[in-house]
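The following exercises are to be worked through with the sequence and the coordinates at hand. Each task is followed by a solution in steps.

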Amino acid sequence: MNTEERQLAEMLHRVTPEPPRGVTVEDIAFRLANEAGSRAPRGGHREPRPRRRPARGSRGPSRRGRGGAGRGWAPVLAAASVVVVAGASAGIATALSSHHSPAGSSQDGMPTSSASVSSPPASTTPTSPSTSNGATWPPEQVADGMWGAELINRQTFTQASLVAGNGSLYAFSPGFLDRISPVTGNGLAHVPYNSPIAGFPNRPVLTGNTVWVLSSYAGSSVVLAGYNGSTLASAGTISVPVSGQVASAPEGVLTSGSDGYLYVAAGSAIAVVNPQTRQVIRQIPVSGTVSSVAVAPGGSKVYAGTGAFQLTAYDPATGARLGSSAVSGIGSFGGNLVATPGGVWGTMGIGMSEWVWFAPNGNLSRVVRVSQGPGAGLDSVPSYSGGVVWIGGSQELACVNPATGQKMVAAVIPTDNGIGEYFGNITVAGGRTYALFQNQAAQQSGVATLTPPGGCSG
Amino acid sequence: MDGRPSEPDGFRDFVEARSNSLLRSGWLLTGDWPSAEDLVQTALAAAWPRWATLTRQDAPEFYVRKIMVNTFLRWRQRRWTGEIATARLPELQAYGDAFAQIDARQALLAALDRLPARQRAVVVLRYFADQTEAQTAEAMGCSVGAVKAHASKALARLRDAPGLAELMTGGVAS
């Protein structure tokens, strides 16, 4: 070996991490027994199971391969995850929506920007909703599932798309926006919908009885589409002016505040939209292209994530810049912002190495890593629900103190045939706790209800 | 009886001693832990029935790695019709940064993703598994000359990968 080859070898040994868990003889024996039982029809070759999430920008059709429509359980390494949701994640949307109705018109003296109302939504094909998708499922205990996990729905939903509100769960399934009963898990209504951010859709956002989704989000075009929260009938669209170009790697660009307004990352600005009047009432200029946005629970601050990675707080009422902090050398990606009373949460990194961070008071100079390792990223985008921050994934499900970032209770997520199951996107609604669930080994997925231990009580 | 075959002598010791190293190779090949686990389990399951023969040849790890690489190449062949260049690459971290480890891994995976499957396999076998060119050639079913060519092209590509040169000449401790 020459010097360069030795340096490469040394670097490979140094940088390659230790695996999170080993392979055991029992894993192999179990696999052999299973393959013996199913070999004949398939010819014995076992394809790798689908990746839940490809590394961003590394492989797959695009960094947004996750959760794309129609992939089902096809074992396509390239395809990202079809995650299959369930429960509902509150995250920004659930936690921050719904307290007050927005004002009927611009009320702060700020000029309203151009906005238009029209229908049907641009990226959705026929908008006629169906009152039920006809699917029903009897509840079923998740084998070895922690916290009394019980499946109430076995539908395939798009990862990180579930929210709760108005006594319903809402999520994207391939090609549709769905309304789901949180009691029975049954599909109540659905309407054709395809996210403009393929594979990485923004969660639906609820204001009043309207569900808002991104209809267009590319270049200088941002269009929001609204649907009636009960029937999913089209409630029109809102065209949002963009300052420059929207982020090429958006991660959570539509949310709502306790003021009932919608907050949209619109290029180098945050657009504040009154969903009742369909008017853009304010544009908050931001230094840099906004890739993620979150609003503090009390509505006193709106946070913008830009670059790699800067977090800036603004006064949503005046647009004044309140403070900014950055983390250098952290990689190119940061997003999925969630604001809690104690600070701001988000994800950083790519692929299976994505991890969750917490910045006390939104100050990135004090950022702490809350989770790391496989499944700690988008698969476990933090959600703030029931007064607690929840972080799931394929390794550990934890409830975390929203003020300090300290884990209060954590449970190991079980494995099936050596393959880690997935619990994520936790949300609390109507006194019940829901999670997205996926068991790739058993090709089982759906909405699971959980009974978290008392230590998780916020 | 659950249908499981009886455990070969020495298999457990091998798995316990070498699974971490095999998994790390799998991670370098596939880029994520679930796929790495799948790859290692596939190779060990294939080696299980032939374990006695492999141990008599005194090179079970070589053959397990051979199975891993060929399984990886088969997967890639079936799933990928071409390499897809990385759309965005992580920026380089400052040395000693608290988050540098994970960024270094991201930079490494992004660089490896630039390589065609066979070049990537050569890199893992030659420079991580420390196999000789002859062993690598045997494992991949090609000539030593082909291994040299793959290695040379891989090094050239890695040389241009953002952040990798810095990692190779210093970088971040794991």
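## Exercise 1. A helix pair across the two chains

Task: Determine which residues bring H1(A) and H8(B) together, and classify the angle at which H1(A) and H8(B) pack.

Solution. Step 1: From H1(A), the residues A:Glu4, A:Glu5 and A:Leu8 meet B:Leu155, B:Leu158 and B:Arg159 of H8(B). The model in which these contacts are found is a predicted one.

Step 1: Two packed helices are described by the angle between their axes and by the distance between those axes. For H1(A) and H8(B), the angle is about 70° and the axes are 12 Å apart.

Step 2: Angles from 65 to 115 degrees count as roughly perpendicular. H1(A) and H8(B) are therefore roughly perpendicular to each other.

Step 3: A salt bridge also links A:Glu4 with B:Arg159, with the closest N and O atoms 2.7 Å apart. This pair crosses between chains, from helix H1 (residues 3-15) of chain A to helix H8 (residues 144-159) of chain B. B:Arg159 counts as partly exposed because its relative accessibility is 46%.

## Exercise 2. Further salt bridges

Step 1: A network of salt bridges links A:Glu26, B:Glu7 and B:Arg12.

Step 2: Within chain B, B:Arg65 forms a salt bridge with B:Glu61, and the closest N and O atoms are 2.9 Å apart. B:Arg65 is buried, since its relative accessible area is 4%.

Step 3: Over all chains, the count comes to ten salt bridges.

## Exercise 3. The nonpolar cores

Task: Identify the residues with the most contacts inside the largest nonpolar core, and list what B:Leu164 touches.

Solution. Step 1: In soluble globular proteins, nonpolar side chains tend to be buried together. The largest nonpolar core here has 64 residues.

Step 1: The residues with the most contacts inside this core are A:Leu8, A:Met11, A:Leu12, B:Leu44, B:Leu108, B:Val123 and B:Leu164.

Step 2: Leaving aside residues up to four places away in sequence, B:Leu164 touches A:Met11, B:Ala107, B:Leu108, B:Ala111 and B:Leu158.

Step 3: A second, separate core has 46 residues, among them A:Val242, A:Tyr261, A:Val273 and A:Ala304.

## Exercise 4. Backbone geometry in the loops of chain A

Task: Find where A:Phe309, A:Arg278 and A:Asn361 lie.

Solution. Step 1: A cis peptide bond, with omega of about 10°, joins A:Ala308 and A:Phe309. A:Phe309 is placed in the loop between strand E17 (302-306) and strand E18 (310-314) of chain A.

Step 1: A:Arg278 is not a glycine, yet its phi is positive, at about 60°. This residue lies in the loop between strand E14 (269-274) and strand E15 (279-285) of chain A. A:Arg278 is buried, because its relative accessible area is 14%.

Step 2: A:Asn361, also not a glycine, has a positive phi of about 55°. The loop that holds A:Asn361 runs between strand E22 (355-360) and strand E23 (368-371) of chain A. With a relative accessible area of 52%, A:Asn361 is exposed.

## Exercise 5. Chain A and its confidence

Task: State the secondary structure of chain A and where its confidence is lowest and highest.

Solution. Step 1: Chain A contains three helices and 32 strands. Of its 458 residues, 61% count as buried.

Step 1: The mean pLDDT of chain A is 75, and 72% of its residues reach 70 or more. Confidence is lowest in helix H3 (residues 91-96), at a mean of 25, and highest in strand E13 (residues 262-265), at 97.

How values were computed: Residues are numbered from 1 along each chain as its sequence is written. Chains are lettered from A and ligands numbered from 1 in the order in which they are written. This is a predicted model: local features need pLDDT of at least 70, side-chain atom pairs count only at pLDDT 80 or more; totals for chains, interfaces and linings use all residues. Side-chain values use heavy atoms; hydrogens and water are left out. pLDDT is the predictor's confidence in each residue, from 0 to 100. Helices (H or I, at least four residues) and strands (E, at least two) are DSSP runs, numbered from the N terminus. A nonpolar core is a set of buried Ala, Val, Leu, Ile, Met, Phe, Trp, Tyr and Cys residues joined through side-chain atoms within 4.5 Å. Buried means under 20% relative accessible area, exposed over 50%, partly exposed in between (1.4 Å probe, protein chains only). Contact means heavy atoms within 4.5 Å. A salt bridge is a side-chain nitrogen of Lys or Arg within 4 Å of a carboxyl oxygen of Asp or Glu. Axes are lines fitted to C-alpha atoms, for helices over the stretch in contact, and angles run from 0 to 180 degrees between N-to-C directions. Angles under 35 degrees count as roughly parallel, over 145 as roughly antiparallel, 65 to 115 as roughly perpendicular and the rest as oblique.
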